[in-house]
Each structure stands twice: as structure tokens, then as C-alpha cells.
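Here is a short briefing on one protein chain. Please look over the sequence and the model before reading on.

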Amino acid sequence: MAQTDSLLTFNVRRCAPELIRPASPTPRELKPLSDIDDQEGLRFHIPVIQFYRPSANMKNKDPVSVIREALAKVLVFYYPFAGRLKEGPARKLMVDCTGEGVLFIEAEADVTLKQFGDALQPPFPCLEELLYDVPGSSEVLGSPLLLIQVTRLLCGGFIFALRLNHTMSDAPGLVQFMTGLGEMAQGASKPSTLPVWQRELLFARDPPRVTCTHNEYVQVEDTKGTIIPLDDMAHRSFFIGPAEVAALRRFVPPHLQKCSTFEVLTASLWRCRTIALQPDPEEEMRIICIVNARGKFNPPLPVGYYGNGFAFPVAISTARDLAIKPLSHALELVMKAKSDVTEEYMRSIADLMVTKGRPHFTVVRSYLVSDVTRAGFDVVDFGWGKAAYGGPAKGGVGAIPGVASFYIPFTNHKGESGIVLPICLPSAAMDKFVTELNNMLTQENKLEQLLEEHNLQVLSRL
């Protein structure tokens, strides 16, 4: 079920980084980001990685040349990506559309795709070699907004790795850009979905009015030193297939059977992770669920909008309740947090950002999960077919490392479709987490007890 850090090592030879500019002149203008885009919690660069198998049809094509050329062409449409961020009054971020370009690195590695093994999933060996952090390139302001490295493999396959300034786009927005890049790599004259800027759709109201409760931005004191230490972190991935989902669903009482896979999985992880971290029983633990709000608007955000269109609603429980009460306790809290996100909730967040100085979401005792199973990273095609793996390059990324996990679409070596879940925890807690999750997935003799919500004495002895 779990994969530990891989022992595979290889050499990557990189050419000097270059700036790829739009292929033809683009407007020189200042474009403000939305008040959802420029919150503190999105002011970081997020890594994505795609692995591609060799293709008989593309034998005479060089992926580096194909993608480099397509990148210049697609930037004519997505020209804000070729600019640089500036900060204005009240910390307002805007893109200075300078046309300076995005960073591009040509590379090759002395390894085949097969050597990565059957289970292509995070953590990936030598990631820092496959997505090189060009010195000075990872600032939020004044740095390239995209960095792309294309690494040829010995087998004829290649790795496409990308780093995005998260204030510019969310997962659907980034996939839209990458899909357009893939279409132009295959000869299209323009992307099938044309980009829409219109960030003013998510500007704060005038005057701003915070109408909803936003516990995700309440600043919590870290009185007991429970922020995760970053010096001894373990990265592992877990495969959650149909059998695992069915095992977790056996904990769900009848009145919650309509819950989604995301909800039951999130509740289970929140519970296991809390038990693994062993906080003080009275500590408030938080789970932050990324909720795509694009369809919550009336009318919905326009097709082609590639800004951030999601919220960070949070569920809160004491560590004791998470550990001792049945899973339904955590599950109901997760379902309620997700259902809170409406158009009014999004408007209220934008208003909170301008009135409170664009705060970071609460990190203390928080765990953030983002479901990218339907984002479409895995179907981005540059001419070599769908990705063998496509999605976030690792868990634990963000302005505060160690807090986030992604649900990534994955097919295992048996051909089962499911979710791969990269987890980042302190080493000692990781062992406990694995034990707790295994208990939930395998110890069926406990399931009936756990469903007896009233019988807390039995539960406390488990």
C-alpha cells in the first residue's frame, strides 16, 4: 500500500536555463489579480510533474524542441504568464505584462521510465534535478511565473516538470494552460479553450462586507509548540483503490451513506493523522478542504477563466473527539465545511482579504487536502499520448511545508484505478499513521464496535 523513498539515483545533464518569450508581440499592460488570487496562502510556487512513455509515432520528434516551440506560441494567448508580479498599495498583486518570458530548461537523464518502477508516484527520486530551482527564480515578486524543465529519458520517453506561481492559477487553470500547450505542440494554431482573464469577477465588493464565518483565517496561537518540525520529515505515498474505499465506507453509518469518496477518505486521514501526531487531547485540530467554487457562481465563472476559483473551508475538532469518537464525527464536520462554500462565501472571502490584509489560512494544527483526481493533469498530451503519471510532484508543499496532501488519480500495476496520496509527516508520526490507516483498512473485527456511536467506553479501550 505504501511506497517509501526510492533508492533509484541517476544523473541529469541540464542546459543553461533560457527565457521563452511569446512568439509574437503581446500587450504591455498592468493586470490586477483577483482578491482570491493574491491571498498570502497562495504566494508560493507549486511543482507539477508529468511522465511520458516513448511513442512509435514520435520517433523522429524531440520533445524538448516540440514543447519549446509550442510554449512560445501558447504564450501569445497566455501572455500574462510571460510577465512579472508587482505589489501595489494594500499588498495588491498585479501582473506587469512585460513579455520577458517563462524559464525553460532542456535536460537529459541517464535513466529509462521503466527504472522508476511500476508505481510512478511521489516522492520521486532526484526531483530537485528534474525540476531545477534556478537560483533567484523562486521569489513571488519580480520572478518568472512559470518554470518548465523537459528531461529526455534513455528510452525515448521524457519528463515534463513545471513550477507555477500559485497566485496566477489553480489546478483547473493550470491544466487548461498545459492542455493548450499540448494542443499547440500537436500543430493547433490556437488553444481549443481560449484563456479568459476577467479577474475583476472575484474582486472584493465596494464597500467590502464579510458576511460568513471564516474559521480558516482565524489566527490561532501555537501555545503548545505543535507546528510540525520540518527537519525530520518522511514522505510516503499510499494507494487507495476500490477495496480500500469500501473498507473505509464500512465505518459510515446509514444516515451518512451519501458521502463522497473524498469526504470519507478525508475524515479517515484526519483521524489517523491526529492519532499519529499525538497532540494534547484538548488541542483543536483542523482539516482544510479545498473546494472548487467555479460552478457555485450564478452565472458560473466563464469557461476559460484560469485564475484561482476555490475556497479553504475548515472543520475543527478536539484531538480527543477525533481519536475516540466514531468516524461519523469527523465525517459530518468535513461534509458541513464543504457545503458552506457558496457564491456568497466566496464574495465574503474576497472582502475579508481586503479588510484583513490578505491573511494566510490558519496553519497551526491544520491539515490541508486537495482533490486533483478530476483536474486532468494525467490527460495532458504533447503528442506522445497521455501521461504515465501526471499531477503534483510531492505532498507537503505550500507557503508552509508539511501541511498539504493531494488526491491524485492513479492506476496501479494490477490495472486498478484509484487515488495515490502523498503524505508528509515527521518520521516517528509516519510509522503511527501507517499503523492507524492499516487498522482502518484491515481490522474488520473492530468495525461493528466503531459503528456503535453511543458506546464510547468500548471505543476508548481500542
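The points below cover the domains, their interface, an aromatic pair and some backbone features.

This is a predicted model. The domain assignment divides the chain into domain 1 (12-202) and domain 2 (223-451). Their C-alpha centres lie 26 Å apart. About 5,200 Å² is buried between domain 1 and domain 2.

**Extent of the interface**

- Domain 1 brings 72 residues to the contact, and domain 2 brings 56 residues.
- Carbon and sulfur atoms give 65% of the area buried between the two domains.
- Tyr52, Pro122 and Leu202 stand out on the domain 1 side: they supply 12% of the area that domain 1 buries against domain 2, more than any other three residues.

- Three salt bridges are counted between domain 1 and domain 2.
- Arg358 and Asp35 form a salt bridge, with their closest N and O atoms 2.9 Å apart.

**The domain 1 face**

- Four elements each supply at least two residues of the side that touches domain 2: strand E5 (45-52), helix H1 (63-77), strand E10 (158-165) and helix H3 (171-185).
- H3 gives the most to this side, with twelve residues.
- By class, the side of domain 1 that touches domain 2 has 41 nonpolar, 17 polar and 14 charged residues.

**Aromatic pairs**

- The whole structure holds 21 aromatic pairs.
- Tyr52 and Phe382 have ring centres 5.4 Å apart and planes at 70 degrees; edge-to-face pairs need over 60, so this pair is edge-to-face.
- Tyr52 lies in strand E5, while Phe382 lies in the loop between strand E16 (366-371) and strand E17 (389-392), so the pair ties together parts that are 330 residues apart in sequence.

**Backbone features**

- Most residues other than glycine have a negative phi, and most peptide bonds are trans.
- The peptide bond from Asp206 to Pro207 is cis, with omega near 0 degrees. Pro207 sits in the loop between H3 and strand E11 (233-240).
- The peptide bond from Asn298 to Pro299 is also cis, with omega near -5 degrees. Pro299 sits in the loop between strand E13 (291-292) and strand E14 (310-311).
- Cys126 is not a glycine, yet its phi is positive, at about 60 degrees. Cys126 is found in the loop between strand E8 (102-109) and helix H2 (127-130).

Technical notes. Residues are numbered from 1 along each chain as its sequence is written. This is a predicted model: local features need pLDDT of at least 70, side-chain atom pairs count only at pLDDT 80 or more; totals for chains, interfaces and linings use all residues. Side-chain values use heavy atoms; hydrogens and water are left out. Domain bounds come from an automatic or database domain assignment. Contact means heavy atoms within 4.5 Å. Buried area is the accessible area (1.4 Å probe) that two parts lose on being put together, summed over both. A salt bridge is a side-chain nitrogen of Lys or Arg within 4 Å of a carboxyl oxygen of Asp or Glu. Ala, Val, Leu, Ile, Met, Phe, Trp, Tyr, Cys and Pro count as nonpolar, Asp, Glu, Lys and Arg as charged, and the others, Gly among them, as polar. Rings of Phe, Tyr and Trp (its six-membered ring) pair if their centres lie within 6.5 Å; planes under 30 degrees apart count as stacked, over 60 as edge-to-face and the rest as tilted.
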